[in-house]
Amino acid sequence: MDDIKNLVKIANQVQQELLKLRNCRYLELLNQMRSASDKLQEIITESKKLALSLSHSWFSAADSCCSSIDRLTSDITYYISRVKQFAEKPREETPTLSALVEDLKQLEQEYGKIEFDKATKTISLITKPITLDDVYLGPFKIQLELKKLSELYRDSPYYCIALDPHPAATNEEVTHPHVSNDRLCEGEGCAAIRTALEQGRLCDFFTLVKSILNTYSPDSPYVSLYDWDGEPCYDCGYIMDRDNSYYCSSCEHSFCEECSTYCRSCEETLCRGCAGKCEICEEPLCSNCAHKCAECGICCCESCLEDDLCPNCIKELEAENEESGNQTTGTNENSNPSQSETSTPEIKLAG
Amino acid sequence: MRILYINNDGCGYADYIDVAENTTVEQFFMIKMSGKDAGDYMIRVNRQPVPKDYVLREGDRITITPTKVEGAKSL
């Protein structure tokens, strides 16, 4: 794009869009004022409803009005701040054609060849391959859509497209810690980027976007670089981020939620392979909390055991005791009839 | 003397300001970006890179753009 005529053509397109943007600012101000006015009308209606509710002692209805008024005041505050933002903004002078051409020249000087697609009216710049904290993310194409420049107050007019994508293992849409679905979340650079675009300073715009792409903010990424490659579940191979992985203290591997469990007695995390099971209540158990029934030797949790015996053995023992008790009673009756004979008269005597 | 100062740090703005005669780029940066490291910024005068001892002149256009800007994620 070394032809000066081409630069003038692009500059002309940019200038046309910036003229539209200037008008859009007034339209946006009008829209925000209408929204604020609508919300004010709604709050007046709510105040009438509140007065009616109070006159009838309908306190439940009054509470409902209060909730609506609370929501509306938040909305009004938002719209008023937007109105103020647009109203106090000084009118931007549309840059001259020569200034825009100079800017495009600077852009080429700084970053080499820029692409201009006449059909889609896009200006693009390709960054060098980006590596952040030893994580290779590849080169990005910063693509500014001139047609969308006039919609700057509603939508972002550019995209950051990964040309050799190395997305986060847990989310293919995230090609950079601050890029999702080809959209850059500008963070600290938001206001400066908007101002640069409003003033037609394209070189500054591309430099700022490039600066964000070359910087990692660990406090607020879509996916942190620490989790970029994810971690495969040792059992099923599912790629998970570290916040959602579970470490089995028994086999010392990481597992996904599906493949892990925990001991119901001590709450130790375990994989499903290492977790034992209480054969009575069937709840998972770790080896430390698994007890054996002293009688039959089955594995049980502590709460299912009573005097080191499982409920089955207790039942059996009770049944045996009952049986032996009956037998003893029967034997006694048979073996010592004299006692019953002696007792009967006593009862008789008592009666 | 009067120069055009474009600061792309923070909110970003462009305005004509008065500076003392014989102010170098380094002095200008220290005044305007006190406490900041010049290495973290791309400084251009009239769209060109200049040495730090470049003396600003009437009508110059100086741009200071951060090369480290922290992005975020959508809320």
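This is a predicted model: local features need pLDDT of at least 70, side-chain atom pairs count only at pLDDT 80 or more; totals for chains, interfaces and linings use all residues.
Q: Now helices. How do the axes of α1(A) and α2(A) cross?

A: With a helix pair, you ask how close the axes come, at what angle they cross, and with which hand. Helix α1 (residues 4-55) of chain A and helix α2 (residues 59-88) of chain A have axes that come within 8 Å and cross at roughly 160 degrees. Angles over 145 degrees count as roughly antiparallel, so α1(A) is roughly antiparallel to α2(A). The crossing of this pair, α1(A) and α2(A), is left-handed. Sorted by class, their contact has 18 nonpolar, four polar and eight charged residues.

Q: What about α4(A) and α5(A): at roughly what angle do their axes cross?

A: The axes of α4(A) and α5(A) cross at roughly 160 degrees and come within 8 Å. That makes α4(A) roughly antiparallel to α5(A). Their crossing, too, has a hand to read: for α4(A) and α5(A) it is left-handed.

Q: Which residues of α4(A) and α5(A) meet?

A: From α4(A) come Ala192(A), Ile193(A), Ala196(A) and Leu197(A), and they meet Asp204(A), Phe205(A), Leu208(A) and Val209(A) of α5(A). Split by class, this contact has seven nonpolar residues, no polar ones and one charged.

Q: Over to the other chain. In what order do the elements of chain B run?

A: To read a fold, list its helices and strands from the N terminus. Chain B has one helix and five strands, and the order is β-β-α-β-β-β. Its C-alpha trace spans about 45 × 20 × 20 Å along its principal axes. Of the 75 residues in chain B, 23% count as buried. Among chain B contacts between residues at least 6 apart in sequence, 58% join residues at least 24 apart.

Q: How many residues of chain A are in contact with chain B?

A: An interface can be read by counting residues on each side, then asking which elements supply them. Here 25 residues of chain A are in contact with 21 residues of chain B. The chain A elements that give two or more residues to this side are α3 (97-111), α4 (190-198) and α5 (202-213). The most come from α5(A), with five residues. By class, the chain A side has nine nonpolar, 11 polar and five charged residues.

Q: Can we zoom in on one residue? Which residues does Met42(B) touch?

A: Leaving out residues up to four places away in sequence, Met42(B) touches Thr207(A), Thr65(B) and Thr67(B). Met42(B) is found in strand β3 (residues 41-45) of chain B. The C-alpha atoms of Met42(B) and Thr63(B) are separated by 7.8 Å, although these residues are 21 apart along the chain.

Q: Why is Met42(B) partly exposed?

A: You count neighbours: a residue is buried if 20 or more other C-beta atoms lie within 10 Å of its own, and exposed if 12 or fewer do. Met42(B) has 19 other C-beta atoms within 10 Å, so Met42(B) counts as partly exposed.

Terms used:
Residues are numbered from 1 along each chain as its sequence is written. Chains are lettered from A and ligands numbered from 1 in the order in which they are written. Two residues are in contact if their C-beta atoms, placed from the backbone, lie within 7 Å. Helices (H or I, at least four residues) and strands (E, at least two) are DSSP runs, numbered from the N terminus. Ala, Val, Leu, Ile, Met, Phe, Trp, Tyr, Cys and Pro count as nonpolar, Asp, Glu, Lys and Arg as charged, and the others, Gly among them, as polar. Axes are lines fitted to C-alpha atoms, for helices over the stretch in contact, and angles run from 0 to 180 degrees between N-to-C directions. Angles under 35 degrees count as roughly parallel, over 145 as roughly antiparallel, 65 to 115 as roughly perpendicular and the rest as oblique. A crossing is left-handed if the near helix is turned anticlockwise from the far one by less than a right angle, and right-handed if clockwise.
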